[in-house]
Amino acid sequence: MYKKQVLKNGLTILRVPIKGAKSVLVDIFVKVGSRHENQKINGVSHFLEHLFYKGSKKYPTAAKLSHALDAIGAEYNANTGKEHTQFYIKAAKKHLPFIFEVLTDMLQNPVFAPEEIEREKGVIIEEINMYEDTPMRHVEDVLEEIMWPAHPLGRNIAGTKEVVKTITRQKILDYVRTFYQPQNLILAVAGAYRETLLDKLIAQSWAGQPSKKIPGWQKVKEIQTKPVLKIEPKKTEQYHLAMGFRSYHHNHPDYIPQIVLAAILGGGMSSRLFHEIRERQGWAYYVKATPANYQDTGLFAVQAGVRRDALPQVVQTVIRELIKIKTQLVPSAELRKVREYLKGTLTLSLEESESRLGWYLEQVAFRKKVLEPEGAFDLIDQVTAGDIRRVARDVFQNRKLNFAIVGPDKYRTQIRKFLRV
């Protein structure tokens, strides 16, 4: 269960009590990510993920901040996406007042020391280098670039090395003042806590914070009419491929059926693509199918890292399986198995406070209706073989296809023929 509250200044409070927990997790979820950036500051959201931990008013250096949290054995981190930036601290439940204070001070009173900004640019540039040197990760960026070539969604979350070098302290301050407003934040607490204590902490630190209007964001215009192929030549021991189709936003009525479809194709070791490509042929180590949803669009991706001489066969196999699921109804036994697979994996993941909180956070932030896990289970059980075929026919259209490959440019002509590019 969860409890949601919206303060007068627009700040959303999300409470997720977990019976029997001995720890507490405090999370600040900001509804701003790389899609809210203009090209001149691309990467600033991710930059802030680093900088907020570099010092605050009460803990003015990164060392003092990290030492204070390490002294109580806390876990702390942050992450950035296309539409969010998130910061959290987790510790034993007795430390709730302390970690609440630290996270609040970080977000409300950051130092953003000029020397830290300049030093962290080097760290981020090396992070970008690391992603570019990791084809399994980099192929996702290549796919998004060709899916949304003239839109912020197509830009790298970390930015480019050239742009990161030019981001100034003033640009960072302006961005924070624009987007880090109470009405754009969710303050979430999960685990073990006393309601009265939490109420007091919120009233002291957040209820009186002023808020101002947040700028809008650029919506996606779906204008693709034919398949797109991009091969990024790179000397690799494997080909890494990502076949992506334009799909659904967070509130689309087929949000749940697309999840079931992804599980059938590449959600586990008995899924169709995993079985055909890895288990039967030994062409790959990893094969997966995953949906990604945004506020106004979505992406359904099939990814694999495959043996260099097997790329044509793998592409043909993927296409064959997509055609099959578009034309043939999924057998009832397979559908039952996939339903139980999804419910089982979700049940296991929700035993962790981070996953349980994440379940509610994304929905509170972006979906019109929040589902409890049991409600999601019911919807999964309601998905029919007909629903799967209908969604597959809607998503797996040639005009919605984008295909990214990282590896030697050897099979371009064959791949273009397979995709009818």
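**Reading helix packing in a predicted model**

Mentor: Let's start with a contact: His46, Phe47, His50 and Leu51 in helix 1 meet Glu116, Ile117, Glu120, Lys121, Val123, Ile124 and Glu127 in helix 4, where contact means heavy atoms within 4.5 Å. Helices here are DSSP runs (H or I, at least four residues), numbered from the N terminus. This is a predicted model, in which local features need pLDDT of at least 70, side-chain atom pairs count only at pLDDT 80 or more, and totals for chains, interfaces and linings use all residues. Residues are numbered from 1 along each chain as its sequence is written, and side-chain values use heavy atoms, leaving out hydrogens and water.

Trainee: At what angle do helix 1 and helix 4 pack?

Mentor: Two packed helices are described by the angle between their axes and the distance between the axes. Axes are lines fitted to C-alpha atoms, for helices over the stretch in contact, and angles run from 0 to 180 degrees between N-to-C directions. Helix 1 (residues 44-51) packs on helix 4 (residues 114-132) at about 115°, with the axes 10 Å apart.

Trainee: And how do the axes of helix 2 and helix 3 cross?

Mentor: Those of helix 2 (residues 62-70) and helix 3 (residues 96-108) come within 11 Å and cross at roughly 160°. That makes helix 2 roughly antiparallel to helix 3 (an angle over 145 degrees).

Trainee: Which residues meet there?

Mentor: Leu65, Ala68 and Leu69 in helix 2 meet Phe98, Val102 and Met106 in helix 3. These contact residues divide into 6 nonpolar, no polar and no charged (Ala, Val, Leu, Ile, Met, Phe, Trp, Tyr, Cys and Pro count as nonpolar, Asp, Glu, Lys and Arg as charged, and the others, Gly among them, as polar).

Key:
Helices (H or I, at least four residues) and strands (E, at least two) are DSSP runs, numbered from the N terminus. Angles under 35 degrees count as roughly parallel, over 145 as roughly antiparallel, 65 to 115 as roughly perpendicular and the rest as oblique.
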